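Work through these exercises with the structure open. Try each task before reading its solution.

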Amino acid sequence: MATSLFKDRRDAGRQLAEVVSGVVTDPDACVLGLPRGGIPVAYEIALRLGLPLDFLNLRKLGVPWQPELAMGAVGEDGVPHLDSERVTAMAITPTQIRSVKDRELRVIQARGTRYRSQCPPLDVQGRTAILVDDGIATGATVDLAIEQVKRAGAHAIVLAVPVAPAEARDRYDDLVDHFVCLHEPWTFHCVGAWYEDFGEVSDDDVCRLLRDASERG
């Protein structure tokens, strides 16, 4: 295993911002972080580029007996987007899916209420949307984020992450206008392995960053 690439998410965001700044030329672009871990990364990009910051309120749907392994994702509309091959291969039942979905929707609703008190929603119609997370593992939430931003009418989509498996580029080069990834290792076990500090990002942390970005205008 290689040594850690990033001190923490803020450090990863600063490194990523240097590359994104050479890709994005739209002065009306906006930065959209995926809660919670993607928000500190996205904050640094928004700060460096002088762009507004928002979030996409999504949650991974974890396999019931292996929650860290995604079987899909869900957003505020409550419609689950499932990895049908994984669901079939692991014999996950509709009842199990519904139970996980309902639990994650409660988290989404609570976070939406709290986060929106700090950050009014941005309209991405006709703009370049910079989607940011702290890394890609299965890609379930990122895939849903791309779909939602496309439906919202973004003019272009830039997906920016500090680290992702090497095979991710073939997938996302076809789904977005620009895929910016600092490190694409062939041996990839989990996102947190590439950070010295990958501690949990709290709701308080997210609210503070969203409030600061909103106050900066």
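## Exercise 1: Glutamine 148

Glutamine 148 is found in helix 5, residues 140-151. The model is a predicted one.

Task: Decide whether glutamine 148 is buried or exposed.

Solution. Start with its relative accessible area, which is 18%. The cut-off for buried is under 20%. Glutamine 148 is therefore buried. Next, look for its contacts, skipping residues up to four places away in sequence. Glutamine 148 touches Leu56, Leu58 and Gly75.

## Exercise 2: Leucine 34

Task: Locate leucine 34 and find what it contacts.

Solution. Leucine 34 sits in the loop between strand 1 (30-33) and helix 2. Its relative accessibility is 4%, so leucine 34 counts as buried. Now set aside its neighbours within four places in sequence. Leucine 34 is then in contact with Ile39, Leu56, Val132, Asp133, Thr141, Val142 and Ala145. Take leucine 56 from that list. In sequence, leucine 34 and leucine 56 are 22 residues apart. In space, their C-alpha atoms are 5.5 Å apart.

## Exercise 3: Helix 2 and its partners

Task: Work out how helix 2 is oriented to helix 7.

Solution. The axes of helix 2 (residues 38-49) and helix 7 come within 10 Å and cross at roughly 15°. Angles under 35 degrees count as roughly parallel. The two helices, helix 2 and helix 7, are therefore roughly parallel to each other. Their crossing is left-handed. From helix 2, Ile39, Pro40, Tyr43, Ala46 and Leu47 take part; they meet Val206, Leu209, Asp212, Ala213 and Arg216 in helix 7. Sort the residues of this contact: eight are nonpolar, none polar and two charged.

Solution. The axes of helix 1 (residues 9-20) and helix 2 come within 7 Å and cross at roughly 40°. The crossing is right-handed. Helix 1 brings residues including Arg9, Arg10, Gly13 and Leu16, while helix 2 brings residues including Pro40, Tyr43, Glu44 and Arg48. The contact of helix 1 with helix 2 has eight nonpolar residues, one polar and six charged.

## Exercise 4: Helix 4

Task: Compare the span of helix 4 with its expected value, then find what covers its buried residues.

Solution. Helix 4 (residues 94-116) has 23 residues. From first C-alpha to last, helix 4 reaches 32 Å, close to the 33 Å expected. Its buried residues include Ile97, Val100, Lys101, Glu104, Leu105 and Ile108. Among the elements covering the buried residues of helix 4 are strand 3 (59-63), strand 4 (66-74), helix 3 (84-89) and helix 7 (203-216).

Key
Residues are numbered from 1 along each chain as its sequence is written. This is a predicted model: local features need pLDDT of at least 70, side-chain atom pairs count only at pLDDT 80 or more; totals for chains, interfaces and linings use all residues. Side-chain values use heavy atoms; hydrogens and water are left out. Helices (H or I, at least four residues) and strands (E, at least two) are DSSP runs, numbered from the N terminus. The expected span of a helix is 1.5 Å times one less than its number of residues. Buried means under 20% relative accessible area, exposed over 50%, partly exposed in between (1.4 Å probe, protein chains only). Contact means heavy atoms within 4.5 Å. Axes are lines fitted to C-alpha atoms, for helices over the stretch in contact, and angles run from 0 to 180 degrees between N-to-C directions. Angles under 35 degrees count as roughly parallel, over 145 as roughly antiparallel, 65 to 115 as roughly perpendicular and the rest as oblique. A crossing is left-handed if the near helix is turned anticlockwise from the far one by less than a right angle, and right-handed if clockwise. Ala, Val, Leu, Ile, Met, Phe, Trp, Tyr, Cys and Pro count as nonpolar, Asp, Glu, Lys and Arg as charged, and the others, Gly among them, as polar.
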